Amino acid sequence: MDPNGSSDEKSESRIYIGNLDLRITEAALIKMFSPFGKIITEDFLWHTRGRKRGEPRGFAFIQYSNKEEARLAKEKMHGRLACGRPLVVRVSSDKYLVEPADNSSKGVGEATKTSVSGTSSGQTSRSSKIAAIKNKLKALEEEGYSAKKQKQEADTSINRR
């Protein structure tokens with residue numbers, strides 16, 4: 001990033017917290033993660049449009065004052081239950097290329113549809129990321145189209161009676 005490495009330090013001291021129950025508030029999140037170090041910033045994400053506008057998105061980011069505090073928070077909180085759900089805690093600088101475990105809504109063969117070609121460092125190139133997003137959008141559009149078509153067919157058969 002920049003020559004003195006402060007951007008790398010910043011990303012290594014920032015953690016992602018996922019699988020948050022919608023009942024968890026910003027204050028509760030800060031209270032859960034403050035024992036591990038000095039929290040510099042906290043980004044609690046909300047839906048900004050659509051029918052879920054104003055509701056929590058289920059994940060957040062916390063910036064600690066150094067990377068050791070972030071690593072400690074990850075070690076202690078990853079997998080810990082909060083409102084009955086196991087938290088997913090990652091250091092933001094860690095690169096994960098993992099599909100969500102819940103592929104139940106996908107058809108057979110669609111679970112690993114997106115292909116990723118990494119560079120020698122293990123990171124995904126920009127064009128690969130774009131291709132993966134396009135594939136995901138296409139799959140979602142097809143899924144939505146087939147559900148809409150089934151609903152129309154069901155409505156038509158009801159109207160014929």
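pLDDT is the predictor's confidence in each residue, on a scale from 0 to 100. The structure considered here is a predicted model, and its chain has an average pLDDT of 77, with 67% of the residues scoring at least 70.

**Confidence along the chain**
- Over residues 1-5, pLDDT stays under 50, and the model has 3 contacts beyond four places in sequence for this segment.
- Residues 97-123 likewise keep a pLDDT under 50; for this segment the model has 21 contacts beyond four places in sequence.

**I17 in strand β1**
- Strand β1 spans residues 14-18 and contains I17.
- The relative accessible area of I17 is 0%, and I17 therefore counts as buried, the cut-off being under 20%.
- When residues up to four places away in sequence are not counted, I17 touches L29, F33, G58, F59, A60, I62, L87, V88 and V89.
- One of these contacts, V88, lies 71 residues from I17 along the chain, yet the C-alpha atoms of I17 and V88 are separated by 5.6 Å.

- Together with I133 and L140, L137 forms a nonpolar patch on the surface; the accessible area of the three residues together is about 290 Å².

How values were computed: Residues are numbered from 1 along each chain as its sequence is written. This is a predicted model: local features need pLDDT of at least 70, side-chain atom pairs count only at pLDDT 80 or more; totals for chains, interfaces and linings use all residues. Side-chain values use heavy atoms; hydrogens and water are left out. Contact means heavy atoms within 4.5 Å. Patches are made of residues with over 30% relative accessible area and no salt bridge: like charges are joined within 9 Å, nonpolar side chains (Val, Leu, Ile, Met, Phe, Trp, Tyr) within 5 Å. Accessible areas come from the Shrake-Rupley method with a 1.4 Å probe; for residues, only the protein chains shown count as cover. A salt bridge is a side-chain nitrogen of Lys or Arg within 4 Å of a carboxyl oxygen of Asp or Glu. Helices (H or I, at least four residues) and strands (E, at least two) are DSSP runs, numbered from the N terminus. Buried means under 20% relative accessible area, exposed over 50%, partly exposed in between (1.4 Å probe, protein chains only).
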